[in-house]
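Visitor: I would like to go through this structure and ask what stands behind the terms used for it.
Guide: Ask, and each value will be set against its criterion.

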Amino acid sequence: MQWSGRRGVPPGASITLPQAWALARELDWLHMERNDIPALFARVGLAGEFWAAAPPPMVREETPEDHDGIRRVNRLAFGGEGEAMLVDRLRADGLVITSLVAVEGAQVVGHILFSELPVETETGILCAAALAPMAVLPEWQKRGVGTALVRRGLEVCRERGKTVVIVLGRPGYYPRFGFSAELARSLRGPFPGDSWMALELTPGALAGVSGTVRYPEAFGLGAAHAAE
Ligand SMILES: CC(C)(COP(=O)(O)OP(=O)(O)OC[C@H]1O[C@@H](n2cnc3c(N)ncnc32)[C@H](O)[C@@H]1OP(=O)(O)O)[C@@H](O)C(=O)NCCC(=O)NCCS
């Protein structure tokens, strides 16, 4: 990016995209509107390159100070209250395995939650993890935030002893992380079809396993599911 002609900048001087990102973060810190920054790069025809060079967002465990930001992200991403309320219920019921936020400065821009999900099998209860919900602020979507949240979440689940993760989601999105509708087929649950997928954190964890997935009450699937 050429900076010639600016006072104090030698003619022909340029900055790299990582330097541009550092500058952008500083401008943000100076309370420049974040949405002005890509607009600035778009004006010089570099918006695509700018986002492609974006450093991954910081992903960490939620703290109580993040709760409002998490509700906001879920409301804006899903366009309703349902998922924000699901997060609150899972937390209140003590079912959270990990609840992670992606943050930019002081703002929560993405959120993912993994919760306890029992699977009744012939040999006992398999303590799987449910991935739900996951949300990224609309203006932050398609920049890798969701990917960073899923990858870190799966790592944490593995560290906490989980062997299987189950998700209801887009068949075009989750298989890239290893989720498969085929793996979920031997499990009975409330969601038929290709959107219901499972992932083995320990290879072979679902080999020869058949069972019934019992979504906790927090999911609001009703008595019919629990008694199934
Ligand atoms: C689903 C959701 C969480 C994904 O989050 P995200 O941050 O947009 O996800 P990613 O950026 O990791 O990946 C999304 C897409 O952007 C692409 N992408 C990632 N980084 C990119 C970049 N720097 N430039 C261009 N495209 C990029 C990915 O390849 C992916 O492509 P796809 O169209 O094939 O899916 C988000 O879209 C969302 O909040 N949706 C509304 C709520 C929802 O549906 N939640 C999921 C319920 S299952």
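**Terms and their grounds**

Guide: Helix α6 is a place to start: its 15 residues should span 21 Å at 1.5 Å a residue, and its end C-alpha atoms are 21 Å apart, so the two agree. The model is a predicted one.

Visitor: What makes the buried residues of α6 line one face of the helix?
Guide: The buried residues of α6 are Val145, Leu149, Val150, Gly153, Leu154 and Cys157. Seen down the axis of α6, these buried residues fall within an arc of 160°, so they line one face. An α-helix has 3.6 residues a turn, so residues three or four places apart point the same way.

Visitor: Which strands do the buried residues of α6 pack against?
Guide: They pack against β1 (58-61), β2, β3, β4 and β5 (164-168). Just after α6, Gly161 takes a positive phi of about 90°.

Visitor: What arc do the buried residues of α4 fall within?
Guide: In α4 the buried residues are Ile70, Val73, Asn74 and Ala77. Their arc, seen down the axis of α4, is 95°, so they line one face of that helix. They pack against α5, β2 (96-104), β3 (107-121) and β4.

Visitor: At what angle do α4 and α5 pack?
Guide: The angle between α4 and α5 (residues 82-92) is about 145°, and their axes are 7 Å apart. From α4 the contact takes Ile70, Arg71, Asn74, Arg75 and Phe78; from α5 it takes Gly82, Glu83, Ala84 and Val87. By class, this contact of α4 with α5 has four nonpolar, two polar and three charged residues.

Visitor: Why is Tyr215 called buried?
Guide: The cut-off is 20 or more other C-beta atoms within 10 Å. Tyr215 has 21 within that distance, so Tyr215 counts as buried. Tyr215 sits in the loop between β8 (211-213) and α8 (223-227).

Visitor: Why is Leu46 called partly exposed?
Guide: A residue is exposed at 12 or fewer neighbours and buried at 20 or more, and partly exposed in between. Leu46 has 17 C-beta neighbours inside 10 Å, so Leu46 is partly exposed. The loop between α2 (36-43) and α3 holds Leu46. Leu46 and Leu17 are 29 residues apart along the chain, and their C-alpha atoms are separated by 9.6 Å.

Visitor: How many residues surround the ligand?
Guide: There are 18, and the closest are Gln141, Lys142, Gly146, Thr147 and Gly169. The elements that give two or more residues to this shell are α3 (47-52), α4 (67-78), β4 (124-136) and α6 (145-159). β4 gives the largest share, four residues. By class, the shell has ten nonpolar, five polar and three charged residues.

Visitor: What share of the chain is buried?
Guide: Of the 228 residues in the chain, 27% are buried. The chain has eight helices and eight strands.

Technical notes: Residues are numbered from 1 along each chain as its sequence is written. This is a predicted model: local features need pLDDT of at least 70, side-chain atom pairs count only at pLDDT 80 or more; totals for chains, interfaces and linings use all residues. A residue is near a molecule or strand if its C-beta atom, placed from the backbone, lies within 6 Å of it. Ala, Val, Leu, Ile, Met, Phe, Trp, Tyr, Cys and Pro count as nonpolar, Asp, Glu, Lys and Arg as charged, and the others, Gly among them, as polar. Axes are lines fitted to C-alpha atoms, for helices over the stretch in contact, and angles run from 0 to 180 degrees between N-to-C directions. Two residues are in contact if their C-beta atoms, placed from the backbone, lie within 7 Å. The arc is that of the directions from the helix axis to the C-beta atoms. The expected span of a helix is 1.5 Å times one less than its number of residues.
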